[in-house]
Amino acid sequence: MSTATTPPADAAAPVRHPDAPAPGELLGAHYEYCFGCGGGQPHGLHLEARAGEGVSLTAEFTVTAAHQGAPGLAHGGVLATALDETLGSLNWLLRVIAVTGRLETDFVRPVPVDTVLFLEAEVTAVAGRKIYSRATGRIGGPEGPVAVRAEALFIEVKVDHFIDNGRPEEIQAAMADPDQVRRARAFEVNP
Ligand SMILES: CCCCCCCCCC(=O)SCCNC(=O)CCNC(=O)[C@H](O)C(C)(C)COP(=O)(O)OP(=O)(O)OC[C@H]1O[C@@H](n2cnc3c(N)ncnc32)[C@H](O)[C@@H]1OP(=O)(O)O
């Protein structure tokens, strides 16, 4: 773990938002065309995350032939995507909009095609706009051997981050979708 993903001594413990989904509840996709979780991406990861206790969650991702790097094995970048998506989903529990600033990944075991990757993630600390978190991915079952691990630093942003930086076609389509607008509003911090 680098100093960038190590919480400072004065960091606070994370606080689960009172309106966060209940433990066990599926979070659902935050955006239909998200490569990590969206149903509208045929070769996407279709990762399904479920709220846990506190500021933690579990997620599952099935490696398909579309996710190969070496023959019959998951691409490391795809596994990093699964970790990134799982860690990003923790935002639902904090009800904070945040993007990945830094993602440090350990690849411990190769992950064959058709394997289910069982992920778990938690926020460890918050310091101002900085959200510190970690995740593991296991194979062979939720208690199986660790195949991948990550530590991350997410940075809180305003919704303008996406409006100002996203391609206009997708931004306009998302803003015309009442479900998407409702999801974004749920995260807006009260003045
Ligand atoms: C419910 C929703 C579920 C969503 C799931 C999504 C899962 C996928 C998540 C993603 O993949 S998000 C996409 C990938 N990430 C990005 O595209 C982010 C690109 N980077 C940026 O837009 C900016 O660099 C960023 C918003 C992260 C920070 O820019 P800012 O101008 O807002 O802040 P600034 O640079 O002042 O940094 C704020 C603090 O964070 C620190 N920081 C920022 N980036 C860092 C970094 N990479 N490493 C270490 N520290 C970093 C920075 O040093 C500073 O520390 P101090 O306050 O102590 O001075």
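Author: Start with Arg138, which stands opposite Val146 in E6. One thing to keep in mind as we go: this is a predicted model.

Reader: Okay, but what does it take for strands of a sheet to pair?

Author: Strands of a sheet pair through backbone hydrogen bonds, and they can do that parallel or antiparallel. Here, strand E5 (residues 130-139) and E6 pair in the antiparallel sense, over 9 bridges. Another pair to look for is Ile131, whose bridge partner in E6 is Phe154.

Reader: And what sits in the hairpin of E5 and E6?

Author: That hairpin has 6 residues between the strands, and Gly140 takes a positive phi near 85° there.

Reader: What about the other neighbour, E4: how many bridges does E4 make with E5?

Author: E4 and E5 are joined by 10 bridges, in the antiparallel sense. Follow them on screen: Ala127 stands opposite Lys130 in E5, and Ala125 has Tyr132 in E5 as its bridge partner. The hairpin of E4 and E5 has 2 residues between the strands, and Gly128 in this hairpin has a positive phi near 60°.

Reader: Is E5 mostly covered or mostly exposed?

Author: Mostly covered: 7 of the 10 residues in E5 are buried.

Reader: Now zoom out for me. In what order do the 6 strands of the sheet come?

Author: Read across the open sheet and you get E1-E2-E4-E5-E6-E3, with antiparallel pairing. Strand E1 (48-51) and E3 are the edge strands, each pairing on one side only. Ignoring direction, neighbouring strands in this sheet are turned by 20° against each other on average.

Reader: Which strands does H1 lie across?

Author: H1 lies across E1, strand E2 (56-62), E3, strand E4 (116-127), E5 and E6, and H1 runs at about 135° to E3.

Reader: Where should I look for the nonpolar core, and what's the general idea?

Author: In soluble globular proteins, nonpolar side chains tend to be buried together. In this model the largest nonpolar core has 40 residues, and Ala82, Leu87, Leu90, Leu117 and Leu119 have the most contacts inside it. E1, E2, H1, H2, E4, E5 and E6 each give two or more residues to this core.

Reader: Pick one of those. What is Leu119 in contact with?

Author: Skip the neighbours within four places in sequence, and Leu119 is in contact with Thr58, Ala59, Phe61, Ala82, Thr86, Ala135 and Gly137.

Reader: Why does Ser56 count as partly exposed?

Author: Because Ser56 has 19 C-beta neighbours inside 10 Å, and a residue needs 20 or more to be buried. Leaving aside neighbours within four places in sequence, Ser56 is in contact with Glu120, Ala121 and Glu122. Ser56 and Ala135 are 79 residues apart along the chain, with 9.5 Å separating their C-alpha atoms.

Reader: Last one, the ligand. Which residues around the ligand come nearest?

Author: Of the 18 residues around the ligand, the nearest are Ala4, Gly88, Val99, Gly101 and Ile155. Helix H1 (76-89), helix H2 (91-94), strand E3 (98-107) and strand E6 (146-156) each supply at least two residues of that shell. By class, the shell has 6 nonpolar, 7 polar and 5 charged residues.

Note on methods: Residues numbered from 1 in each chain as written. Predicted model: local features only at pLDDT ≥ 70, side-chain atom pairs only at ≥ 80, totals over all residues. Near = placed C-beta within 6 Å. Helix = DSSP H or I, 4+ residues; strand = E, 2+ residues; numbered from the N terminus. Nonpolar A, V, L, I, M, F, W, Y, C, P; charged D, E, K, R; others polar. Pairing = 2+ DSSP bridges. Axes fitted to C-alpha atoms, helices over the stretch in contact; angles between N-to-C directions. Contact = placed C-beta atoms within 7 Å. Core = buried A, V, L, I, M, F, W, Y, C linked by C-beta atoms within 7 Å. Buried ≥ 20, exposed ≤ 12 C-beta atoms within 10 Å, placed from the backbone.
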